[in-house]
Amino acid sequence: MVEVVLVESPREAGQLVARSIIDLVAAKPDAVLGFATGTTPLVIYNELAAAVKRGECDLSRVRGFALDEYVGLSEAHPESYHSVIERDVIGPLGLDPNLVHVPNGALDSIQHAGQDFEDAIIAAGGIDLQILGIGTVGHLGFNEPGSSLSSLTRVKTLTHQTRQDNARFFGTIDEVPMHSITQGLGTILRSEHAVMLAFGESKAKAVQRAVEGGVSASLPASILQLHRHATVLVDAEAASRLENLTYYQRAWEQKMVWQRL
Ligand code: PGA
């Protein structure tokens with residue numbers, strides 16, 4: 001079962017995941033993290049940055065892989081995920097930029113960029129903890145509805161809805177690239193622990209289908225039901241359509257101390 005954790009606030013979700021990452025890195029200083037972009041995971045990065053600042057952890061040996069990147073957008077563009085990961089993750093967390101990989105969306109090497117990225121993940125020994133958000137369309141990374149359940153990193157065409165959702169970063173929808181290069185659903189399934197966060201009413205329907213609906217390419221996040229260790233942290237609004245919420249809450253409250261997040 002996907003573990004569902006109802007939190008009182010996005011901040012509490014950030015604290016829980018940050019604690020899990022700090023514990024992981026204490027045991028394995030060169031742990032491999034999978035980084036999502038978007039607004040949702042910022043609560044995790046903020047907590048980690050504060051912990052680093054207080055001297056509570058050292059993330060300088062952590063290795064990282066971003067989930068996705070736009071195709072054909074210059075790395076120097078402020079909204080490229082190279083820029084976003086540098087600004088929101090590498091800098092604040094004190095990571096070594098040489099140890100953090102973002103898929104290469106440059107057109108001249110796009111035909112082998114997916115395979116190159118998969119090879120790099122394998123060479124690193126796989127992703128220990130993959131941070132995820134969910135799109136209103138139910139996507140993970142840029143795996144839009146219809147994505148193969150066993151897909152690996154490759155180019156995907158963005159849906160109109162996703163381009164609309166991301167237009168806030170670009171000004172107008174026309175400036176949002178048409179294509180992305182994204183870790184596949186199969187790539188995400190290979191991670192040791194997948195941690196998805198969702199906040200707000202706009203995510204409620206996708207969360208319910210992901211956790212309680214049938215596993216289907218039509219709702220890519222439903223592959224979390226196939227993951228051997230998946231945790232979904234939701235606030236009350238994002239959890240509002242879940243049918244078994246009372247059970248998830250009881251399971252969380254009754255969790256034994258030795259059990260991980
Ligand atoms: P958001 O994006 O965190 O900005 O809502 C999530 C996603 O599209 O995966």
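## An antiparallel sheet

K156 stands opposite S180 in β8. This is a predicted model, where local features need pLDDT of at least 70, side-chain atom pairs count only at pLDDT 80 or more, and totals for chains, interfaces and linings use all residues. Residues are numbered from 1 along each chain as its sequence is written, and side-chain values use heavy atoms, with hydrogens and water left out.

β7 and β8 (residues 179-182) pair in the antiparallel sense over four bridges. Two strands pair if DSSP finds at least two bridges between them. Helices (H or I, at least four residues) and strands (E, at least two) are DSSP runs, numbered from the N terminus. The open sheet has three strands, in the order β4-β8-β7, with antiparallel pairing. Its edge strands, β4 (68-70) and β7 (154-157), each pair on one side only. From one strand to the next, the twist averages 30°. Axes are lines fitted to C-alpha atoms, for helices over the stretch in contact, and angles run from 0 to 180 degrees between N-to-C directions.

Which residues of β6 are buried? On one side they are L129 and I131, and on the other Q130 and L132. Both faces of this strand (residues 129-132) are therefore covered. Buried means under 20% relative accessible area, exposed over 50%, and partly exposed in between (1.4 Å probe, protein chains only).

β6 runs parallel to β2 (residues 32-35), joined by two bridges. Here L33 stands opposite L129. β6 also runs parallel to β9 (residues 193-198), with four bridges. In that pairing, I131 faces V195.

## Aromatic pairs

The structure holds seven aromatic pairs. Rings of Phe, Tyr and Trp (its six-membered ring) pair if their centres lie within 6.5 Å; planes under 30 degrees apart count as stacked, over 60 as edge-to-face and the rest as tilted. F35 and Y45 have ring centres 6.0 Å apart and planes at 70°, so this pair is edge-to-face. F35 sits in strand β2 and Y45 in helix α2 (residues 42-53), 10 residues apart. F35 is buried, at 0% relative accessible area. Y45 is buried too, at 3% relative accessibility.

Y70 and F170 form an edge-to-face pair, 5.4 Å centre to centre with 85° between the planes. Y70 lies in β4 and F170 in helix α5 (residues 160-170), so the pair ties together parts 100 residues apart in sequence. Both residues, Y70 and F170, are buried. Ring pairs link Y70, Y81, F142 and F170 into a cluster.

## Pockets

The largest pocket has a volume of about 510 Å³. On a 1 Å grid over the protein atoms alone, a pocket is an open set of points where a 1.4 Å probe fits, with protein on both sides within 12 Å along at least five of seven lines; lining residues have an atom within 4 Å of a point. Grid points are joined across faces, edges and corners, and a volume is the space filled by probe spheres set on the points. The lining has 29 residues, with T37, G38, T39, N166 and R168 nearest the centre. α5 gives the most, with five residues.

The second largest pocket holds about 310 Å³ of space. It is lined by 15 residues, and S20, H193, H229, R260 and L261 lie nearest its centre. Helix α1 (residues 10-27) gives the most to this lining, with five residues.
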